[in-house]
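Please keep the sequence and the structure in view while reading.

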Amino acid sequence: MRRAALAAAALLGAAGGFSGKPAWAQADPRASQRALTEIERQIEAGRQRDAALARSGEALERELEGLRTRLVQTADEAAKLETELTGLEETLRALEAEESAQAGKLDADRASIAELLGGLQRLSRIPPEAMIARPDSPVDTLRGALLLRSAVPILRERAEALALSLQRLADLRADLATRRAQAQDARTALAARQDEIAKLVERRQELQQQTEAERRQVADRMARLGNEAQDLRGLIERLEREAEQRRREEQRRKAEALARAKAEREKAEREQAARAAAAAAEREREIAASITPPTPPDRPDGGSGGGSGDGASRLPVAGQVTTRYGEADKFGVTSRGLTVSARPGAQVVAPSSGSIMFAGPFRGYGLILIVEHPNGYHSLIAGLGRIDTKVGQRVLAGEPLGVMGSPADGDPDLYFELRRNGQPINPQRGLPASDGKGQG
């Protein structure tokens, strides 16, 4: 390495130290040849390392495919648990309301029965002699006795009904406790699935980035060594065949060529910058058109000749569809997609296979995702609380893309729009069946 550095230094030369000849013309050809041999050895080692990294990358890609399949399965399980938990919570609310109603009714029955029992108990303490000696007439006394006699069976029936109501209340409370335990189990299972998804997503990112940095370093190092080798070969050839006058002439021609190349490069860079700016502006207009669609067409399916309706796509999140395609949304505007009310923190997945075209915040609309599918289809997903993917990443249908907002936001809404060739179509008709492979 030290010899290579010395040879490179000799090639570049120093601005000072002229002694009638350029610095590179004074280099020792044998030292340059040794430096060239060392650089070529390092280049070959770099090629071998790059080949090893390529093989490792293929193995990682196979592992990544298996990981994507696990992510899809785990996301499906989480969606089922979310739906089950929502049903259990609704059942719990109904049971709690029924328990409250029955408890109130029983409290009222207890009060009336207790009052009647108290009256009978007071009457039972009066002996028969005292009853005869009461100032009431015999007819009133007889009437009272008959009333008491008729009240006893009614009291018995009400007591039996009260006992049955108490038993039903006890059964209801036992059922309520069971449902609460089931709901807690569902919450625990859902939390475990969400934690597993988070770990799988993190592992997916690690696999995708594991060898990228090292391969870039190897490529940069090989490019630098290749340049050094090329320069050294040129130096050796010039030292062997060129005279002082030819070297000066060659330097002049090189300076002119460098100036022309620099001018051409600067011109190309300006043209490339202009093209990139135009492309970025066009992409900005496309994204803006995806979020703020044009005036609704007369046809209910957007007039675009959408999917075949075979259900090749899915909803990005488990939940209740609150606004359908073509209906008026909460602002009174005709909806060009679906609005889905989901659980806070619910998993958001790819509706169909494709590549991530845009991921991040956009013009005050919050976090949005745009997924490119085959045959001119695009999905726009808005309303996420967190995004777990990046632009250019290939995803499978059902692969996790992010999660909904936190419980502090209430029940969040997710907006899902499907387009073909830039025109909105009904997402519930689905995409035509594909080969299951994403774009890119």
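**Confidence**

The model is predicted. Its chain has an average pLDDT of 78, and 73% of the residues score at least 70. Over residues 4-26, however, the pLDDT is below 50, and this stretch has 29 contacts in the model beyond near neighbours in sequence. A further stretch, residues 292-312, also has pLDDT under 50; for it the model has 48 contacts beyond four places in sequence.

**Salt bridges**

Side chains of opposite charge can pair when their charged atoms come close. Across the whole structure, a search finds 25 salt bridges. The table lists three of them.

| Salt bridge | Closest N to O distance |
|---|---|
| R173 and E99 | 2.9 Å |
| E256 and R252 | 2.8 Å |

E99, by contrast, is buried, because its relative accessible area is 18% and the limit for a buried residue is under 20%.

E256 is partly exposed at a relative accessible area of 37%, and R252 is partly exposed at 40%.

In the pair of R419 and E417, both residues are buried. Elsewhere, salt bridges with shared partners join E61, E65, R68, R204, R394 and E399 into one network.

Strands of a sheet pair through backbone hydrogen bonds, either parallel or antiparallel. Here, 3 strands make up an open sheet in the order β3-β9-β7, with antiparallel pairing. Which strands stand at the edges? They are β3 (347-349) and β7 (386-387); each has a single partner strand, so one side of each is left without a neighbour in the sheet. Strand β7 pairs with β9 (residues 400-403) in the antiparallel sense over 2 bridges. Within this part of the sheet, I387 stands opposite G402 in β9.

**An aromatic pair**

The structure contains 1 aromatic pair. Its members, F358 and F362, are arranged edge-to-face, at 5.9 Å centre to centre and with 85° between the planes. Both F358 and F362 are buried.

**Two individual residues**

I370 is part of strand β5 (residues 367-372). Is I370 buried or exposed? With a relative accessibility of 5%, I370 counts as buried. The C-alpha atom of I370 is separated by 6.7 Å from that of A359, and these two residues are 11 residues apart along the chain.

S335 occupies the loop between β1 (319-323) and β2 (338-342). Although placed in a loop, S335 is buried, with a relative accessible area of 5%. Which residues does S335 touch, not counting those up to four places away in sequence? They are T323, R324, Y325, G326, E327 and Y415.

How values were computed. Residues numbered from 1 in each chain as written. Predicted model: local features only at pLDDT ≥ 70, side-chain atom pairs only at ≥ 80, totals over all residues. Heavy atoms only, no water. Helix = DSSP H or I, 4+ residues; strand = E, 2+ residues; numbered from the N terminus. Buried < 20%, exposed > 50% of the residue type's maximum accessible area, 1.4 Å probe, protein only. Contact = heavy atoms within 4.5 Å. pLDDT = per-residue confidence, 0-100. Pairing = 2+ DSSP bridges. Phe/Tyr/Trp six-rings, centres within 6.5 Å; stacked < 30°, edge-to-face > 60°. Salt bridge = Lys/Arg side-chain N within 4 Å of Asp/Glu carboxyl O.
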